[in-house]
There are 2 protein chains.
Amino acid sequence: MSRASSHYGLILAGGRGTRFWPRSRRSHAKQVLRFGGDRSLIQQTVDRLRPVLPPERIWILTNDHLRAEIVRQLPEVPKAQILAEPAQRNTAPAIGLAAHILQSIDANAVMGVFPADHMISKPAKYLQFVRPAFKAASAGKIVVLGIQPRWPETGYGYIEFPKGLKPGSRQPLPVRQFREKPDLKTATRYVRSGNFYWNAGMFFWKTSVLLDALREFQPKTATLLASLPAFTDRQFSSKLKHAFPNCENVSIDYAVLEKAPNVVGFATTDFGWSDVGSWNAVYELLPRDANANVFRGEALAHSSSGNYVDAERKLVALLGVKDLVIIDTPDALLIADRSRAQEVGDLVKKLEQQNRDDLL
Amino acid sequence: MSRASSHYGLILAGGRGTRFWPRSRRSHAKQVLRFGGDRSLIQQTVDRLRPVLPPERIWILTNDHLRAEIVRQLPEVPKAQILAEPAQRNTAPAIGLAAHILQSIDANAVMGVFPADHMISKPAKYLQFVRPAFKAASAGKIVVLGIQPRWPETGYGYIEFPKGLKPGSRQPLPVRQFREKPDLKTATRYVRSGNFYWNAGMFFWKTSVLLDALREFQPKTATLLASLPAFTDRQFSSKLKHAFPNCENVSIDYAVLEKAPNVVGFATTDFGWSDVGSWNAVYELLPRDANANVFRGEALAHSSSGNYVDAERKLVALLGVKDLVIIDTPDALLIADRSRAQEVGDLVKKLEQQNRDDLL
């Protein structure tokens, strides 16, 4: 069942991850960064899928800024399968494009969609859900993995399953509804209910099923993609450059999942998932010393606790400071209160307004 | 009266200023650092004395680590007058040595002693006390400048003048007593009394008077210094290397000032003196922006106030942080709570214990 002949993986790696500035840059975004191991997030994504998807079955969609670094980090993935989108157009056009290409290569293709910038600390447990997800997709279903919520997060969408479900079951459940990011009160209700799960952007389907759904719910994008020549055609790239920017800028959740009737999902149990949303999330994921500090690089701390320090090229001395995020790079240094790590993206927006391309 | 023919200046520049780590290093100590202008502290010291002491009348005592940088910074001071002490032996031997040399050059020499690492924001007002101090010294007195205390500082020694003095008088007052660093209660009493002044280490005397006092109160050191050949003698340097380490390790305050009978002083009024004791003192001395931040170099601040940032080679982004001292150098980065800037020296001690000579 594993490494089945028509299974493919699509890794979506076009994000910027500005919250990880100043480490993350346009040409060195979150997914190619290492957080505490020696493998980047995208390398870990390929690594953990290896038991079910050999690298030659992996396709990656990214952008022009990042493609070179991803090719460098993933020599095991065929270079031709690491594609730069001609424009940023959200997940529906990107996934549609990949489905279109795979369908032209293998009419029986079943694809899994995987974000490039998440962490999963228990990959074996994770694969115990990936395998039945591929199986349900092979049977014609649109499949989603739900993550058991651990707090009332307002930054994620939710999947509503039927009441009375059995968490961790390897049997797919019908999805009652997809829910957009809720407010805190609603999120709290979701978490208490027991049948609402986080939508972590992990999907499975036959490419033919996905393309049918796109034709039904996003006819414009479907028509544009259908107009493309075969992937092996010389003109593919130039035609794509013209067609892709005209695709509708919409998420696959909104374009297909919320509308399609044949959606099922798995109410998974803990496989150590994290979307690593900020430097604070990295801090929470890594082992801490006796004073709750995390040091990447050499440090000397006095009366200091709860700090995350990432400065690989120099010694960092802390004196009487608490709960800071300190990220040093050759041309930029960030010092932030850890509780405000979510706002680092706002600093990047300011730099954009100031046209500081040298720091982006 | 100014630039009188027998007036000389001795600048004591042997300190390390470890509280200014990581900017201050053994070969780049506090006195050669620039804090908000384009002149270092020792350059400012020479500059402000220029109306009363031309550079060719300035002598500087420092150490082997620092001499090269001081020679580089002060091309106007004759190189032969910038001396490295063969060992660190506190102020009495250093001042005795300078007096011995000057006396051999000019039997009528009157010397002023000036720390190299203080700031004086109103130099013209300062000189209004330096001139009468030289005059009193020429008349055979041992002279000290007292600084009107602005708070009950426990880190300085105090000079006790007679009660009922008139602050700012250009007439020398008899010194009743020198007082060692007091505890807070005593310091508070001193400040309230009105006749206790800070001892800032600025002294004036005829070299003959100082050498007489040394012979009386520190005969061992006096004898060692008297055994040296003339400064112009070829053997001076090698003889000094042997003699100097045997001098008593004692301050001029303890060795002479507290014991001599003919000590007078000036109860000066504000000439903007600061001994720049820590990064926090630098912060207090410099102009701040609307959020009370001081930036040396490029910065991007959001919800951040009261910070001192010194990072000339990169952009520093602050997010939600308060009252920090942030000093970035190529091989070390300091992040300290501003209220604890006094303890930076303790971090340096730790580095010494770890034999981190590369960072000292």
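## How the two copies meet

The two copies meet through the same surface, because 100% of the interface residues of chain B are also interface residues in chain A; here two residues are in contact if their C-beta atoms, placed from the backbone, lie within 7 Å. This is a predicted model, in which local features need pLDDT of at least 70 and side-chain atom pairs count only at pLDDT 80 or more, while totals for chains, interfaces and linings use all residues. Residues are numbered from 1 along each chain as its sequence is written, and chains are lettered from A and ligands numbered from 1 in the order in which they are written.

A rotation of 180° with 0.0 Å of shift along its axis superposes chain B on chain A, with an RMSD of 0.0 Å (by least squares on the C-alpha atoms of residues with pLDDT of at least 70 in both). The two copies are thus related as by a two-fold rotation axis.

## The contact between chains

Chain B brings 30 residues to the contact, and chain A brings 30 residues. On the side of chain B that touches chain A, the elements that give two or more residues are β14 (299-302), β16 (315-319), β17 (324-328), β18 (332-337) and α11 (344-353) of chain B, where helices (H or I, at least four residues) and strands (E, at least two) are DSSP runs, numbered from the N terminus. Of these, β18(B) gives the most, with six residues.

Strand β16 (residues 315-319) of chain A pairs with β18(B) in the parallel sense over five bridges, pairing being assigned if DSSP finds at least two bridges between two strands. Within β18(B), B:Ala336 is the bridge partner of A:Leu319.

## Two domains in chain A

Chain A is divided into domain 1 (7-274) and domain 2 (279-359), with bounds that come from an automatic or database domain assignment. The C-alpha centres of these two domains of chain A lie 30 Å apart, and ten residues of domain 1 of chain A are in contact with 16 residues of domain 2 of chain A.
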